[in-house]
Amino acid sequence: SNALIVIEDCVWSGISEEQLNTIVLYPNPASESINVEWNGNAEKLIVVDASGRVLIDYQIEPGVHLFTLPINTLERGAYWLILQGESIYRAQPWIKY
């Protein structure tokens, strides 16, 4: 059976929203490019395929919190986008169609 769990009004005691280092990808799924927004100081943006093979590895300039990633050369399928830096490490799945 399919279940949907919705969590509202989640409170993290002693942790500010900025410290949660959120990452937002849109649109997802995508065909030409995806926009990536985050807080925290990312140094690398990495794309890996379902087998863990690194396909894209970008250096991020200090102070950048929005990046448009061209994906038109990638094949259709499931991928992971990883943001990595001193104060952030987040992985987010996305679909290329």
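Reply: Let's start with Asp49, whose bridge partner in E6 is Tyr79. Strands (E, at least two residues) are DSSP runs, just as helices (H or I, at least four residues) are, and they are numbered from the N terminus. Keep in mind that this is a predicted model: local features need pLDDT of at least 70, side-chain atom pairs count only at pLDDT 80 or more, and totals for chains, interfaces and linings use all residues. Residues are numbered from 1 along each chain as its sequence is written, and side-chain values use heavy atoms, with hydrogens and water left out.

E3 and strand E6 (residues 77–84) run antiparallel to each other and pair over six bridges; two strands pair if DSSP finds at least two bridges between them. They belong to an open sheet of four strands, in the order E4-E3-E6-E7, with antiparallel pairing. E4 and strand E7 (89–96) sit at the edges with a single partner strand each, so one side of each has no neighbour in the sheet.

Now the salt bridges (a side-chain nitrogen of Lys or Arg within 4 Å of a carboxyl oxygen of Asp or Glu). The count comes to two. In one, Arg53 meets Asp49 at 2.9 Å, N to O. Asp49 is buried, at 11% relative accessible area, while Arg53 is exposed at 53%. (Buried means under 20%, exposed over 50%, partly exposed in between, with a 1.4 Å probe and protein chains only.)

In the other, Asp57 meets Lys44 at 3.3 Å, N to O. This pair links Asp57 in strand E4 (residues 54–59) with Lys44 in strand E3 (residues 44–49), 13 residues apart. Asp57 is partly exposed at 42%, and Lys44 is partly exposed at 26%.
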